[in-house]
Structures are given as structure tokens and as C-alpha cells.
Amino acid sequence: MPSQKILNHKNKAPLPSAEDAGLIKICVLLTLVLDVLERDIRIIHTSPLKMPDLYVRSLTGVQQRVAVQLAETKARMKTLGVKIYSEIRNHEGVEVLYVCRGYQRRFFMLSSFARSEVRRNLGHYLGIDPTQD
């Protein structure tokens, strides 16, 4: 009888790991970066700048690079059996509900932290150190 318990234990899916949570965080942040870029591109299109097309082209290039990294992150999540099924944004932050190899999990990021991380990520893609003024 004890060998049966050992066999059942071996058939369980691995518990969610730090890598799984890290992928969720990256996915959320990259999605937020894409949203910021989309909003900024839309604003630049309607602004009275002398050459808005140059700024739009630059931000569109960044947008494409972010989209590629997001696709790679989602592919890795799929490989590991991680799937987001709910994302709620409000003034407090971003809440994500996800399934990781059958285990339901929750991830929450405060708005202030998300804003800081989006700024850092966007600065990286633009080649700007956001801590320097």
C-alpha cells in the first residue's frame, strides 16, 4: 500500500516556481508598456509637432520589439503550462489570476510599482536611463 502513495505523489504536477511568477510579472509589465506606447503614439499623431511621423516611427519600432519579447514570454509560459485567465486593473494596481500546471494562483502589482517598472522598461527600450534627469 505505501508504494501506491509514492506513485500518486510522483504523478502530481510540479508546484508553481519563482520562474512561473517571474513570467507572469514580465507578461504584465510588457502588456502595460505596449499600452503606454499605444497611447503615446495616438497622442503624438494628434499633436501639433512639426514632424510627428519621426517620433511615431521611433515608438513603433520600440512597440515591435516589446511585442516580440511579449510573444516569446507567452510561448515560454505555454511551454511551462502557465496561463493567465483574468486581469483586472484599477487605481490600486493590477491583479492577475492564472493557472500554473493545474494550480490556481494570484499575482498582484501595486500601481506605484507598476508605473516605476514600466518607466524602467520603457527607458531600457529607448536607450535612456530613467534615473538620470
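Colleague: Where is Thr 73 found?

Modeller: In this predicted model, Thr 73 is found in helix 3.

Colleague: Is Thr 73 buried or exposed?

Modeller: Buried. Its relative accessible area is 7%. The cut-off for buried is under 20%, so Thr 73 qualifies.

Colleague: What does Thr 73 touch?

Modeller: Leaving out residues up to four places away in sequence, Thr 73 touches Leu 23, Ile 26, Cys 27 and Leu 30. The side chain of Thr 73 also reaches the backbone oxygen of Gln 69, at 2.9 Å.

Colleague: Why do residues three or four places apart point the same way?

Modeller: An α-helix has 3.6 residues a turn, so residues at that spacing point the same way.

Colleague: What follows helix 3?

Modeller: Gly 81 does. Its phi is positive, near 80 degrees.

Colleague: Back to cysteines. How many disulfides are there?

Modeller: The count is zero. For Cys 27, the nearest cysteine sulfur is that of Cys 100, 13 Å away. A disulfide needs the sulfurs within 2.5 Å, so Cys 27 is in none.

Colleague: New topic. How many salt bridges does the structure hold?

Modeller: Seven. One of them joins the side chains of Glu 19 and Arg 76, at 2.8 Å from N to O. That pair links distant parts of the chain. Glu 19 is in helix 2 and Arg 76 in helix 3, 57 residues apart.

Colleague: What about Glu 95?

Modeller: Glu 95 forms a salt bridge with Arg 106, with the closest N and O atoms 2.6 Å apart. Glu 95 lies in strand 2 and Arg 106 in strand 3, so the pair ties together parts 11 residues apart in sequence. Arg 106 is exposed, at 51%, whereas Glu 95 is partly exposed, at 22%.

Colleague: Which residues are linked in a network of salt bridges?

Modeller: Asp 35, Glu 87 and Arg 89. The side chains of Arg 89 and Glu 87 meet at 2.8 Å, N to O.

How values were computed. Residues numbered from 1 in each chain as written. Predicted model: local features only at pLDDT ≥ 70, side-chain atom pairs only at ≥ 80, totals over all residues. Heavy atoms only, no water. Helix = DSSP H or I, 4+ residues; strand = E, 2+ residues; numbered from the N terminus. Buried < 20%, exposed > 50% of the residue type's maximum accessible area, 1.4 Å probe, protein only. Polar contact = N/O pair within 3.5 Å; in protein donor to acceptor, adjacent residues only side chain to side chain. Contact = heavy atoms within 4.5 Å. Salt bridge = Lys/Arg side-chain N within 4 Å of Asp/Glu carboxyl O.
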